[in-house]
Amino acid sequence: MSSSAPSQIIEHVVLLKAKSSADPSAIGDMVRNLNGLATLDSVLHISAGPVARCRSTALTFTHLLHSRYRSKSDLASYTDDPVHVSVVANYVLPVVDDVMAVDWVAYDFSGPVAIPPGSSLRLTVMKLKEEEVGKGEILGIVRGMKGKFDSIEQLTVGENFSPGRSKGFSIASIAVVKDLESLGEQSDLVNEQKDKAREFLDGVVVLDYAVPASVPASL
């Protein structure tokens, strides 16, 4: 990976719900093998692990995978790589009963591509009531969040370009902070922003995730 950050990257997030009957050792194997995909040439950053907080009642997920790529073609290479296909078939699908994925282009990207181990992130995915109505307003509200929180070190937002597994959610964002406590400090203003956007939204899923300190952050 180049030492300089690209001007845009591809964000790829997969949300997983482990079966209640799944053996904890099998779940651990899933997480370890997903993180092992950092060895693939197309991967700039990858991190997988348990969700710290799921702020949704309609959709509940237990684990999250977040990875980054230089281009949509690199994401496609990762998806089709036999190693990735094998990990999904042998370690993921046997232990989960729900999957959701979103992908977006993060334009005007700045900061490190690899999120430092020990950092935390908040993923927000949004479903519009009508496909195009309010999209610009929502994107503007989310982009404005970085200027309102000193604790946000990096923020990306964009339109999902892979609708097949997104359950109708079309906008997603990631805010990176130093720790989970910083995410808690944002609750009041986050609720204020959600109130402004509520008229356009049919659903919101918010997840908090701590990047494991012992997991390699990048290739």
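Me: What gives the most to the lining of the largest pocket?

Reply: Helix 2 does, with five residues, where helices (H or I, at least four residues) and strands (E, at least two) are DSSP runs numbered from the N terminus. The model is a predicted one, in which local features need pLDDT of at least 70 and side-chain atom pairs count only at pLDDT 80 or more, while totals for chains, interfaces and linings use all residues. Residues are numbered from 1 along each chain as its sequence is written, and side-chain values use heavy atoms, with hydrogens and water left out.

Me: What makes a space a pocket rather than a cavity?

Reply: The test is made on a 1 Å grid over the protein atoms alone: a cavity is a set of points where a 1.4 Å probe fits but cannot get out, whereas a pocket is an open set with protein on both sides within 12 Å along at least five of seven lines. Lining residues have an atom within 4 Å of a point.

Me: Which residues of the lining lie nearest the centre of the largest pocket?

Reply: They are His12, Val14, His84, Ala101 and Arg165, out of 21 lining residues. At least two lining residues come from each of strand 1 (9-18), helix 2 (72-80), helix 3 (82-92) and strand 5 (96-106). By class, 13 of the lining residues are nonpolar, five polar and three charged, since Ala, Val, Leu, Ile, Met, Phe, Trp, Tyr, Cys and Pro count as nonpolar, Asp, Glu, Lys and Arg as charged, and the others, Gly among them, as polar.

Me: What lines the second largest pocket?

Reply: It is lined by 13 residues, with Tyr107, Asp108, Leu155, Thr156 and Val157 nearest its centre. Strand 7 (residues 154-159) gives the most, four residues, and the classes in this lining are five nonpolar, four polar and four charged.

Me: Why is serine 42 called buried?

Reply: Buried means under 20% relative accessible area, exposed means over 50%, and partly exposed lies in between (1.4 Å probe, protein chains only). Serine 42 has a relative accessible area of 12%, so it counts as buried. This serine 42 lies in the loop between helix 1 and strand 2, and among the residues it touches, not counting those up to four places away in sequence, are Arg68, Asp74 and Tyr78, where contact means heavy atoms within 4.5 Å.

Me: What makes serine 20, aspartate 108 and lysine 167 fall into their classes?

Reply: Serine 20, with 80%, and aspartate 108, with 74%, are over the limit for exposed, and therefore both are called exposed. Lysine 167 has 33%, which falls in between, and so it counts as partly exposed. Serine 20 lies in the loop between strand 1 and helix 1, aspartate 108 in the loop between strand 5 and strand 6 (120-128), and lysine 167 in the loop between strand 7 and strand 8 (171-177).

Me: What is the phi of aspartate 108, and what is that of lysine 167?

Reply: Aspartate 108 has a positive phi of about 50° although it is not a glycine, and lysine 167, likewise not a glycine, has a positive phi of about 55°. Most residues other than glycine have a negative phi.

Me: Why is a group of residues called a nonpolar core?

Reply: Such a core is a set of buried Ala, Val, Leu, Ile, Met, Phe, Trp, Tyr and Cys residues joined through side-chain atoms within 4.5 Å. The largest one has 25 residues, of which Met30, Leu34 and Tyr78 touch the most other members. Among the elements that each supply at least two residues of this core are helix 1 (24-35), strand 2 (45-50) and strand 4 (63-69). Apart from it lies another core of 21 residues, including Val13, Ile115, Ala172 and Tyr209.

Me: What share of the chain counts as buried?

Reply: Of the 219 residues of the chain, 48% count as buried.
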